[in-house]
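Please read the points below with the model open beside you, and look up each residue as it is named.

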Amino acid sequence: MAAVPALLVAVVLVLAPAASASETADAYLKHYGETALEQLGEPGLSEEELATRFEKLLREGFDVPAIGQFVVARYWRAAGEQERSEFLEVFGEYLTQRFLPVFRDYQGGTFETQAPKVTDSDGVVWVPLRLERSGGDPIRTEWLLRESDDGGFRILDIKAEGTSMAITLRDEYASVIRREGSLDGLTREIQRLLAQGAFAPRNG
C-alpha cells in the first residue's frame, strides 16, 4: 500500500468506503484538470482575472484548510479561530502566487490519469497523473485525494518526481514559524513576502 503522511491523514480523514474512492477518484481528477486547463487557457485573460480563476479552482478542488493545518503542525492547535481564518486566507493567496505560473506553463499540454492506488486509510487514494508537454519530457505526478461528504473528492497533496507538496511546504514554513513564534507571526510574514512577489517562480 502507498504511504500517506500520518499527520495529514489524522487531520483530514473522514471515513468512507475505499472501494468507492478507488472507482471514481481518477475520473474526478481528470474532469477537474480538464476544467482547470479550459478556464485558465482562455485567451485574453488579464493577470488579475487569471489569478482570480486559479484561486477559485484551488479552493474548489483542494482541501486548503486541511493542507494549511498540516503544514503548520502543532501551531494550529495553539491558534484561535481568527488566527486560523486569517492564515488560511493568506495561505490560499500564497498558493496562487507560487503555483499559478507553474500551471500556466503547462498550457497546451495533455494529461492522462491512471487507476487509483489505495492507501491504508479509508476513502484516501493516490491517483497517478502523467502530463505530456510539447517539446519537453513528460511529468509524472501522483495526487492524493480524499472522498468528501458531498460525494466528490478533495485534493490533499501532489507528489512530483517523488516530492510531496504538503511536506515541502511544511518544511519551508518550519523555520519561519519557529522564529515568529506563532501562527499570526507566520501569517504576517507571508503577507509581507506576498506584497513583494517573493513566491512567484523566477525565470533563469
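Predicted model: local features only at pLDDT ≥ 70, side-chain atom pairs only at ≥ 80, totals over all residues.

1. Residues are numbered from 1 along each chain as its sequence is written, and side-chain values use heavy atoms, with hydrogens and water left out.

2. The chain has eight helices and six strands, where helices (H or I, at least four residues) and strands (E, at least two) are DSSP runs numbered from the N terminus. Along the sequence their pattern reads α-α-α-α-α-α-β-β-β-β-β-β-α-α.

3. Of the 204 residues in the chain, 45% are buried; buried means under 20% relative accessible area, exposed over 50%, and partly exposed in between, with a 1.4 Å probe and protein chains only. Among the contacts with a separation of 6 or more, 61% join residues 24 or more positions apart, contact meaning heavy atoms within 4.5 Å.

4. The largest nonpolar core has 49 residues, and Phe87 and Phe91 have the most contacts inside it; such a core is a set of buried Ala, Val, Leu, Ile, Met, Phe, Trp, Tyr and Cys residues joined through side-chain atoms within 4.5 Å. Helix α6 (residues 81–105) supplies the largest share of this core, eight residues. If neighbours within four places in sequence are left aside, Phe91 is in contact with Val64, Ile67, Gly68, Val71, Leu169 and Tyr173.

5. A second, separate core of five residues includes Ala66, Val124, Trp126 and Leu144. Val124 is in strand β3 (residues 124–132), and it counts as buried because its relative accessibility is 2%. Although Val124 and Leu144 are 20 residues apart along the chain, their C-alpha atoms are separated by 7.0 Å.

6. Helix α4 (residues 64–72) is largely enclosed by the rest of the structure, because seven of its nine residues are buried. These buried residues are Val64, Ala66, Ile67, Gly68, Phe70, Val71 and Val72. Just after α4, Ala73 has a positive phi of about 50°.

7. Thr96 is found in helix α6 and is buried, with a relative accessible area of 7%. A polar atom of its side chain lies 3.0 Å from the backbone oxygen of Gly92, which can be read against the definition of a polar contact as a pair of N or O atoms within 3.5 Å, where within protein one must be able to donate a hydrogen and the other to accept it, and residues adjacent in sequence count only if both atoms are side-chain atoms.

8. Ser164 caps the N-terminal end of α7, with a side-chain oxygen 3.3 Å from the backbone nitrogen of Ala166. The buried residues of α7 are Met165, Ala166, Leu169, Tyr173, Val176 and Ile177, and just after the helix Gly181 takes a positive phi of about 85°.

9. Helix α8 (residues 183–195) has 13 residues and reaches 19 Å from its first C-alpha to its last, close to the expected 18 Å. Its buried residues include Leu183, Leu186, Ile190 and Leu194, and α8 is followed by Gly197, whose phi is positive, near 70°.

Terms used. Expected span 1.5 Å × (residues − 1).
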